[in-house]
Amino acid sequence: MSGRDLFCQPRRIRRGAALTLVFASVLVAGAATGSFSEGDRKSSPGAARSAVPAGHHEDVAKAAEEAMADGKSPMEAAERAVSRSGDRWGAVYSEGEYQEFEEALDGRYTGVGLWARRERDGRIEVTKVADGSPAAAAGIRKGDRLRSIDGEKVDGQPVTEVVSLLRGDATDAAAGTAVRLGLQRGTRAWIETLRRAHLSTDSVAVRKLAGGVTVIRIAAFTKGSGDVVRTAVQQAPDGGGIILDLRGNSGGLVTEAVTAASAFLDGGLVATYDVDGEQQALHAAPGGDTTRPLVALVDGGTMSAAELLTGALQDRGRAVVVGSRTFGKGSVQMPRQLPGGSVAELTVGHYRTPSGRSVDGRGITPDLEVTSPGQAAVERAGTVLGGLGDAD
């Protein structure tokens, strides 16, 4: 299981799950910053859930307003109203939490720059250190063991909890606040005090494999990620295939997912969605590369906007989808500011793939089931890609 301090949502948010959709200029965040462990991101079978009635926002706002008038917490009242509504993806965030989500979707976050995973025996191991981060400046290395955070032992804790401690979510810790880490390297154990900082991340990574294959891994659809994908496609070797790695991508800005789709499609429908019963459509821009062999690699952590992209490429015959069934987060959330400054995000509808398939609660079934982990899955995708090239 793995995670990183960029994509850990505050504890209140972890009861919800996926990156929510962003339409036009409206920013919605859901578990936008959610780097759930692979074990926490299993797809769930069953029929798609119906949208919550349009009056749901008003009910939650009314509960918050009445609580404030009575001198009670409007945020807690709103949370109870959301819980009673049965809105699976609805959630309420403080102003600070919502600001964090906006920053995360802009490719910015507050943290120390550590990636971590939990080993089978429960130990927490550092898997990567961001260049230029406080962790890098302190000399922390990949393979170091993280034993405690501010005196709290972390062995056996879920990675999401560890990352939440690193970020200081419980106290809405800002950049400049200190965090004390207990570390171990071999037989050496020591305490390191770091100060959190504003950091940025690249959500798209591009690498080349033998045979002219380009692997484009999208960790999340943050601002500008769609253009990075288009540039990577344009710069790929002539005749070379592409593996679009969407494993563990919990979604993000749907406008960026549509831009990414435009890299592989020459216009046309990407998805439809409804907001309080009103039907809308999302279309790719013209001029994308429609001839290069393409494999989309997915798993149970592929969610929301990443499923929207996968469904479009699959339905339109543009890509062979390889991996395991995706999560099944196809609902649309919209935000509303509540009395007291908190923000409620509530379900208002669902999106469908170009052929009319509903993703919510179902996920997307790959064309070829591959359960191999890590690089082995990429190698299997490469084999499929080679076959597509031969067919051409």
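Which residue takes a positive phi in the hairpin of S6 and S7? It is Asp 150, with a phi near 50°, and the hairpin has 2 residues between its strands. Hold on to that turn; we will come back to its strands.

First, some ground rules. This is a predicted model, where local features need pLDDT of at least 70 and side-chain atom pairs count only at pLDDT 80 or more, while totals for chains, interfaces and linings use all residues. Residues are numbered from 1 along each chain as its sequence is written, and side-chain values use heavy atoms, with hydrogens and water left out.

Now the overall picture. The protein chain has 9 helices and 20 strands. Both are DSSP runs numbered from the N terminus: helices are H or I with at least four residues, strands are E with at least two. The chain has 392 residues, and 56% of them count as buried. Buried means under 20% relative accessible area; exposed is over 50%, and partly exposed lies in between, with a 1.4 Å probe and protein chains only.

Next, contacts, meaning heavy atoms within 4.5 Å. Take those in the protein chain with a separation of 6 or more: 71% come from residues 24 or more positions apart.

Back to strand S6, residues 145–149. Here 4 of the 5 residues are buried, so the rest of the structure largely encloses S6. Who are its partners? Two strands pair if DSSP finds at least two bridges between them. S6 pairs with strand S5, residues 124–129, in the antiparallel sense over 2 bridges. Strand S8, residues 178–185, also runs antiparallel to S6, joined by 4 bridges. Look at Leu 146 in S6: its bridge partners include Ile 124 and, in S8, Leu 183. Then there is strand S7, residues 152–153, antiparallel to S6 over 2 bridges. Ile 149 has Glu 152 of S7 as its bridge partner.

On to a sheet. This one is open, has 6 strands and mixed pairing, and runs in the order S11-S12-S13-S16-S17-S20. Strand S11 (204–208) and strand S20 (368–369) stand at the edges with a single partner strand each, so one side of each has no neighbour in the sheet.

Let us walk in from S11. It joins strand S12, residues 214–218, through 5 bridges, and the two run antiparallel. Ala 205 stands opposite Arg 217. Val 206 stands opposite Ile 216. A general point: side chains in a regular strand alternate between the two faces of the sheet. S11 and S12 also form a hairpin, with 5 residues between them. Gly 211 in that turn has a positive phi of about 80°.

S12 itself is mostly covered, with 4 of its 5 residues buried. It pairs with strand S13, residues 242–245, in the parallel sense over 4 bridges. There, Val 215 has Ile 243 as its bridge partner.

Last stop: Asp 274, in strand S14, residues 269–275. Is Asp 274 buried or exposed? Asp 274 is buried, yet it has no salt bridge. A salt bridge needs a side-chain nitrogen of Lys or Arg within 4 Å of a carboxyl oxygen of Asp or Glu. The nearest side chain of opposite charge belongs to Arg 352, 6.0 Å away. For charge, Lys and Arg count as positive, Asp and Glu as negative; His and the chain ends are not counted. What does lie by the Asp 274 side chain? The backbone nitrogen of His 350 is 3.1 Å from one of its polar atoms. Leaving out residues up to four places away in sequence, Asp 274 touches Gln 279, Val 332, Val 348, Gly 349 and His 350.

How values were computed: A polar contact is a pair of N or O atoms within 3.5 Å; within protein, one must be able to donate a hydrogen and the other to accept it, and residues adjacent in sequence count only if both atoms are side-chain atoms.
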